[in-house]
Amino acid sequence: MKKLYLADIEERSRRFLGCRTIDDLCCLGFVKNELLLHSLNISYYSFELRKKSGKMRQIESPNESLKKVLRQFNYYLQCVYYIHQTDASQGYIITPKKSKVCKSILENARVHLRNRFMLNIDFQDFFHQISFERLAKRLSETPFKFDTSTSKLLALLFTYKGRLPMGAPTSPVLSNLCVMKLDMEMSEWSKKNGVTYSRFVDDLTFSRDDSEFISDTYTEINHICLKHSLKVNPAKIKYFGEGSLRKVTGLILRETIDIEDGFYHELDKDFNRMKNLVEVVIINHGVKSNDEVQTFKKEIEGQINFIGMVEGYNSPIFNQYRQKLKAVMNPAEEVLSVRWTNFNYV
């Protein structure tokens, strides 16, 4: 989604929130028959991606026609959430052009940097906990106020198998919208107890500087989660005491915020795979790139940009990986000749 000026975000939010019916949505460029047809025939395909832990994550991706419609909705829903966002939420929030404030994984870690004691909690299967019924109800409430039939139709478009799918363009922003009340109550509880609270999608982080967190504190936090019909993953509850290495959504908190060594290890393995893929494509097809190479390249570029965001875009390690990507994408002919003709049968 391209960046918009704040005035454009406000205007798109206002226009979307002015809609009450399907016909109102058509004034924004949506096609009524298309929405009706998609709501009656929700088409997804599923595949698995390996997580860093080695476990597999199930991805459910809408077909291209539905994905196009969902991207159109995401365009407006992101604007709505930006205007109505909670202070605690840090993930999947658009940043206006020329804005000095950018909520991100880095900012999520920064708010806890100076606190010695920390508690991390994850929701269990977060998107899947947000049901069709819950979403339909949310779309009928403030700030939306869609009528009943439109709320249900939109909830049908946004869900798969009766819950938010992992892989739809709209799922992250809808999850943020559905837990706004939890964020507000958790923020009130945190303020009353001298705790700093933030949420990056399904990762909840609590920190303070005066004393360690105890099991009773977790019990209170869990009570608020259950009150909002959200279950915590008990396997991912982590307490950090004084002197322990604090981690927030893959970042290390020391005097500064740093990237875990494991991230670079995995990135180096990706570079190895990328190098082999490019060489195979050149040898077999006589070209340096194809769709598979470009897709892999974008993934690696995203990881390199993450390094730049955390370590700085002028940092040596950011520039080192940028140069490494250029070299992988443009292997020298003599390197190819040596690598693919000199085999050792030992």
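How many helices and strands are there in the chain? In this predicted model, the chain has 15 helices and nine strands.

**Figure 1. The whole chain, for orientation.** Before we zoom in, here is the overall setting. Along the principal axes, the C-alpha atoms fill a box of roughly 70 × 60 × 40 Å. The chain has 346 residues, and 46% of them are buried. Among contacts with a separation of 6 or more, 69% come from residues 24 or more positions apart.

**Figure 2. The interface of domain 1 and domain 2.** The domain assignment gives domain 1 as 6-247 and domain 2 as 260-335. Their C-alpha centres are 31 Å apart. At the interface, five residues of domain 1 are in contact with five residues of domain 2. The two domains bury about 410 Å² between them, with 76% of that area on carbon and sulfur atoms. One residue pair is in polar contact across this interface. On the side of domain 1 that touches domain 2, you will find two nonpolar, one polar and two charged residues.

**Figure 3. Lys247 and Glu260, a salt bridge.** The count between domain 1 and domain 2 is one salt bridge. In this view, Lys247 pairs with Glu260, and their closest N and O atoms are 3.1 Å apart. Lys247 is partly exposed, at 33% relative accessible area, and Glu260 is also partly exposed, at 24%. The pair links distant parts of the chain, 13 residues apart: Lys247 is in strand β7 (residues 246-248), while Glu260 is in the loop between β9 (257-259) and α12 (261-285).

Figure 4. Is Glu141 buried or exposed? With a relative accessibility of 18%, Glu141 counts as buried, because the cut-off for buried is under 20%. Lys181 sits in helix α10 (residues 180-192), and Glu141 lies 40 residues away in the loop between α7 (132-140) and α8 (148-158). The closest N and O atoms of this salt bridge are 3.8 Å apart. Shared partners join Lys137, Arg138, Glu141 and Lys181 into one network of salt bridges.

**Figure 5. Asp23 and Lys32, a salt bridge between partly exposed residues****.** Here the closest N and O atoms of Asp23 and Lys32 are 3.3 Å apart. Asp23 has a relative accessible area of 45%, and Lys32 has a relative accessibility of 34%. Side chains of opposite charge can pair when their charged atoms come close.

Notes: Residues are numbered from 1 along each chain as its sequence is written. This is a predicted model: local features need pLDDT of at least 70, side-chain atom pairs count only at pLDDT 80 or more; totals for chains, interfaces and linings use all residues. Side-chain values use heavy atoms; hydrogens and water are left out. Domain bounds come from an automatic or database domain assignment. Contact means heavy atoms within 4.5 Å. Buried area is the accessible area (1.4 Å probe) that two parts lose on being put together, summed over both. A salt bridge is a side-chain nitrogen of Lys or Arg within 4 Å of a carboxyl oxygen of Asp or Glu. A polar contact is a pair of N or O atoms within 3.5 Å; within protein, one must be able to donate a hydrogen and the other to accept it, and residues adjacent in sequence count only if both atoms are side-chain atoms. Ala, Val, Leu, Ile, Met, Phe, Trp, Tyr, Cys and Pro count as nonpolar, Asp, Glu, Lys and Arg as charged, and the others, Gly among them, as polar. Helices (H or I, at least four residues) and strands (E, at least two) are DSSP runs, numbered from the N terminus. Buried means under 20% relative accessible area, exposed over 50%, partly exposed in between (1.4 Å probe, protein chains only).
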